[in-house]
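Subject: Structure handover

Hello,

Here is the structure I said I would pass on. Please open it first, then read the notes below.

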Amino acid sequence: MSMLVEESTAATPAPEPSTSAAKRPGVLASILRGHPRMLAIVLPLAVVSEAVEMALPILLGMIIDRGIVAGDLAVTLIGAAILIGMRLVGMLLWIYTFVESQKACMYQRHRLRVGLTGAVLDPRSRRIRRPAGEVLSIATSDADKASDVLDMMPWVVPSGLVIVGATVWMAWQDLSLGAAMGIGIAVMMLVVRVIAPTLSRRYDDQQSEAAEAAATATDLVHGLRVLQGLGVQTRARALYRRRSRVALEAALVNARYSGISSGLTTLVTGAMLAAVVLIATIRGLQGELGIGALIAVVGVARQVMGSLQGLANMPVWWASMSTSARRVRDLFADLGRGVDDPALTLDALSTARDDRGDGAGAAQQRRGGVGGLHLPVYDLSVPDGAFVAVACSDVRDGDAIVDAVSGRVDAGARVGETAISPAERAGLRSDLLVEPHVVDLFDGTLREQLATRAPDGTATDGSDDAWADAALRAAGAEDMLRILPEGYDSRILDRGSNLSGGQRQRIALARAVAADTPVLVLQDPTTAVDAVTEQHIAEALVAARTRTDRATLVITRSPALLRAAGHVVHLREGRIVAEGGHLDLMEHGDYREMVQR
């Protein structure tokens, strides 16, 4: 089926930061750097909140020993008031830190999703070979899981610090109590250290298999019409069942290891709590601990038990977060970008606009000529006012031209005097549009499809569809208004799945014409239409684009387009072997054989 993006045969060199895993910026580190408020304010307040909760049983024990047991009513009442006040302070601090951490987590999820989407769509990014389903999985599921580090920190760090403090307090009460706590914590850390790498690998396998299943489902849905035409729906269902079964088995294995991890850590914390309670009880019976101190020890142990049970799931959470963060980092790196790329920040992406020329709104003037298109490596120029067709003996030559003019590789191509390079091609969107052979339509109405690249000032609200009429006419697609039940308001599904191949191709061509860019490059725009329609498109397209301030290059073997073009170039093995009018070139045997093939 289709890929979201494909590897170029002459790929752009990777940026230095992406050349090795050691040099790639870490996603988790970037997340933390991006939220200094979390580290400077929220985290300390979370520590205070957790410390208050841990101090409550200690204070209660002191009130019992010095107030109730001693018969001091004033100490009892003052202590009770302090206890209630501390409880309220702890609760308010917990609410504040929870709300702030959730806001930061939601913001970070949004930031990573938008950043990854921006990197995929940015023409300056490197082309990659990844299924659409896998990219979607990383940009949603993995981006969300990596951001959970902001949700985890406000309770993991305070819990860890307070547990250490509680252990010190236990040791102050009785060395054997502190020893029991310390041994339990050490054993749990050992279990976490041993199990975490295995969980990380298992989670990686689970996410990879889930992405494979999602990619298969995406491709099957997008190719449903083709599958139905071939009559292989049963085989397609069987393929998806196999992929889904593999993903399920990976998830079950991961769940099994996660259960083992949780069980072991729960066992350790349970044994530790039992040891602490038993030692404290013995010391109380021996008279070494008062009733208040005994209650305080049991209360602190219970509080520690709750914290440790929460920390027991740390291997599972850390495995999911670190693995997802690595997958996000690797996708950024494959695209030749970084998680901290200034061009992918929310501010940059929310304010970025395609350059549509001088002015804005309805008063904007039509963009004039820019000096044509020039490809010195092929000794080929398309001046303003020209409609040039290139017939390639080898389809790889056509792909190489598309790579050069789209800026995926730096081949010395120019728009006027402006060089087309990977770094600069984003700034040429207003002057140059390259429509490759494989195009995508997006979910939306027919009018919205055509308005994707419409210049600013175009009335795309339905008040005046003259621009859309002209685009459909140039693409030989006027009949679409009769075929589609609601005309311009008819719904086009994702990738045009409710259209035939020829209809999708003509709408894509109309969209390119509607952009009205000074330089337009088309690659095999009529391969899915019949000969009569192709002739109609050729005549209408040439009429629409042959203007003194418009340059058009069409890579094609279509006799109709070659015949309608003002100038034809025959390219073989990367060099021009003949050029002129189509009828003149038909006298050359190799050209004639290529066109008639």
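A cavity is a set of grid points where a 1.4 Å probe fits but cannot get out, and its lining residues have an atom within 4 Å of a point. Helices and strands are DSSP runs, numbered from the N terminus.

Please keep in mind that this is a predicted model. The protein chain has 20 helices and 12 strands. Of its 597 residues, 46% are buried. Among contacts between residues at least 6 apart in sequence, 77% join residues at least 24 apart.

Cavities

How many cavities of 30 Å³ or more does a search of the whole structure find? The search finds three. The largest cavity holds about 70 Å³ of space. Its lining consists of Glu 435, Pro 436, His 437, Val 439, Gln 505, Ala 508, Leu 509, Leu 522, Gln 523, Asp 524 and Pro 525. Two elements give two or more residues to this lining: helix H16 (501-515) and strand S9 (519-523). H16 gives the most, with three residues. By type, the lining divides into six nonpolar, three polar and two charged residues.

The aromatic pair

A search of the whole structure finds one aromatic pair. The ring centres of Trp 94 and Phe 98 are 5.2 Å apart and the ring planes are at 10°, so the pair is stacked; planes under 30 degrees apart count as stacked. Where do the two residues sit in the chain? Trp 94 and Phe 98 are both in helix H3 (residues 73-121), and because they are four residues apart, about one helical turn separates them. An α-helix has 3.6 residues a turn, so residues three or four places apart point the same way. Trp 94 is partly exposed, with a relative accessible area of 48%. Phe 98 is also partly exposed, at 39%.

Helix H12

Helix H12 (residues 395-406) has 12 residues. From its first C-alpha to its last it reaches 17 Å, close to the 16 Å expected at 1.5 Å a residue. Which residues of H12 are buried? They are Asp 397, Gly 398, Ile 401, Val 402, Asp 403, Ala 404, Val 405 and Ser 406. The cover over these buried residues includes several strands, among them S1 (373-375), S3 (387-392), S6 (432-435), S10 (551-555) and S11 (567-572). Strand S9, which gives residues to the lining of the largest cavity, is also part of that cover. After H12 comes Gly 407, which has a positive phi, near 85°.

Regards

Definitions and conventions. Residues are numbered from 1 along each chain as its sequence is written. This is a predicted model: local features need pLDDT of at least 70, side-chain atom pairs count only at pLDDT 80 or more; totals for chains, interfaces and linings use all residues. Side-chain values use heavy atoms; hydrogens and water are left out. On a 1 Å grid over the protein atoms alone, a cavity is a set of points where a 1.4 Å probe fits but cannot get out, and a pocket is an open set with protein on both sides within 12 Å along at least five of seven lines; lining residues have an atom within 4 Å of a point. Grid points are joined across faces, edges and corners, and a volume is the space filled by probe spheres set on the points. Ala, Val, Leu, Ile, Met, Phe, Trp, Tyr, Cys and Pro count as nonpolar, Asp, Glu, Lys and Arg as charged, and the others, Gly among them, as polar. Rings of Phe, Tyr and Trp (its six-membered ring) pair if their centres lie within 6.5 Å; planes under 30 degrees apart count as stacked, over 60 as edge-to-face and the rest as tilted. Buried means under 20% relative accessible area, exposed over 50%, partly exposed in between (1.4 Å probe, protein chains only). The expected span of a helix is 1.5 Å times one less than its number of residues. Contact means heavy atoms within 4.5 Å.
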